[in-house]
Amino acid sequence: MGSRVRVWLNRTYAENVFFMDQLRRNPHDRAVEIHATHADADSPVLAAADTSAMEPEGLSPAGYVEYALDQCARRGIDVFVPRLHQDAVVAHRADFTAAGTALLAPPAEAVAVFQDKATAYEAVQAIGIPVPPWRRVRTEDELLTAVEELEAGGYKACFKPAAGAGGVGFRIITRTPFSLAHLNGFPGPYVQLDLVIQAVRDADEPVDWLVMPHLGQPEVSVDCLTGPDNRIRMAVGRTKNGRRRGFTLHEQWIEPATRLAEGFGLHYLSNIQFRMFGDKPVLMDVNTRPAGGLHQLSLCGLNAPWAAVQLALGEDPGEVVPPFLGTDYTVVSGPRPLRAVSLPQQRTEEPETVLPAVPAPAAEPVSAPTAKPVSAPSAEAGAPATAPA
């Protein structure tokens, strides 16, 4: 058994409580201590960590880098998995290395390419990976022109921010007039074109959206693990078709994902998402971070978080191949403990408060995979095409 490894996750998704669980259950029985920081005192990752702290609000990216370097030095962090301000953090990789901390994140050049979806689409097209037809729009006239062109081709138009993570800001355009029918059931992703145009017209500044066809299912998220030598160690697809989830190693998904991860140097963990445009797969999105659903690969006998930490520490895990593909499954919510007391937002001028993780009776639902097979696909009405994996 090697020495203890200290890992920090900053302002990460609630689902990464499972990422933390997998690090502790690593196959080498290595001692792992986890530090977590967040701006939400009721984030379950704070309770799941060994030590936790509230993050200061209002820091600029440069200020956040200073905060992060201080955390790494004072906490003895071996591996930092940055989500918030990832671009600013990786630009200072040498400073973190000097502090004895390895960054589990791609190089700054790779992060920059995929921060802007339009830039990303242009870049991947240049290496022969298909993308959906798209237009970047900033004004109501550009929006209307893009929607009309897609509708003339028989497609349903949708839009999403040119920069942003997951399905935030994703909407599907409809010309159906707003009525009581839209107030029945749960809110969906559909929005009336006239309302969108009016909102853009009334906005104080231009929007920055990509308009494209609403892509078909299945959605396939390929989780990749790539070494600093640009050689891929793992590529496994997670499929989503309505409620039904599964796994795939089919070349139509794995080959372009591997080419993209190696070609752009997406070191460590990345997530590359595809959907169908007609009868062919096209790239939907690229995440330069671990996917929230990465832990679902445990149903295939894999511990991807630990393999990534090994790589970050310079301990090559070799090829990470699933010994089997797990059965189809669905995702349900379950309780996770919270810290005993919800702290107020921390002020930047106050000294940092560090609390150990303390279970509490209150709980926040967190998605977890259920390996029970599902009898038949069940489409989720109005599920966003760009929902995070």
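Two strands are taken as paired if DSSP finds at least two bridges between them, and helices (H or I, at least four residues) and strands (E, at least two) are DSSP runs numbered from the N terminus. The structure is a predicted model, in which local features need pLDDT of at least 70, side-chain atom pairs count only at pLDDT 80 or more, and totals for chains, interfaces and linings use all residues. Residues are numbered from 1 along each chain as its sequence is written, and side-chain values use heavy atoms, with hydrogens and water left out.

Strands S11 (residues 216-226) and S14 (residues 268-277) run antiparallel and are joined by 8 bridges. Within this pairing, Val 220 has Phe 274 of S14 as its bridge partner. Both strands belong to an open sheet of 5 strands, ordered S13-S12-S11-S14-S15 with antiparallel pairing. On average, neighbouring strands are turned by 25 degrees against each other, direction ignored. Helix H10 (residues 251-263) packs on this sheet and touches S11, S12 (232-241), S13, S14 and S15, contact meaning heavy atoms within 4.5 Å. The direction of H10 makes about 45 degrees with that of S11.

Two helix pairs were also characterised. Axes are lines fitted to C-alpha atoms, for helices over the stretch in contact, and angles run from 0 to 180 degrees between N-to-C directions. Angles under 35 degrees count as roughly parallel, over 145 as roughly antiparallel, 65 to 115 as roughly perpendicular and the rest as oblique. The axes of H6 (residues 108-115) and H7 (residues 117-125) come within 5 Å and cross at roughly 110 degrees; the two helices are therefore roughly perpendicular to each other. Val 113, Phe 114 and Gln 115 of H6 meet Lys 117, Thr 119, Ala 120, Ala 123 and Val 124 of H7.

For H1 (residues 17-24) and H11 (residues 304-312), the axes lie 8 Å apart and the packing angle is about 70 degrees. H1 and H11 are therefore also roughly perpendicular to each other. Their contact involves Phe 19, Gln 22 and Leu 23 of H1 with Pro 305, Trp 306 and Val 309 of H11.

The structure holds 10 aromatic pairs, defined by rings of Phe, Tyr and Trp (its six-membered ring) with centres within 6.5 Å; planes under 30 degrees apart count as stacked, over 60 as edge-to-face and the rest as tilted. Among them, Phe 80 and Phe 96 form a tilted pair, 5.9 Å centre to centre with 45 degrees between the planes.
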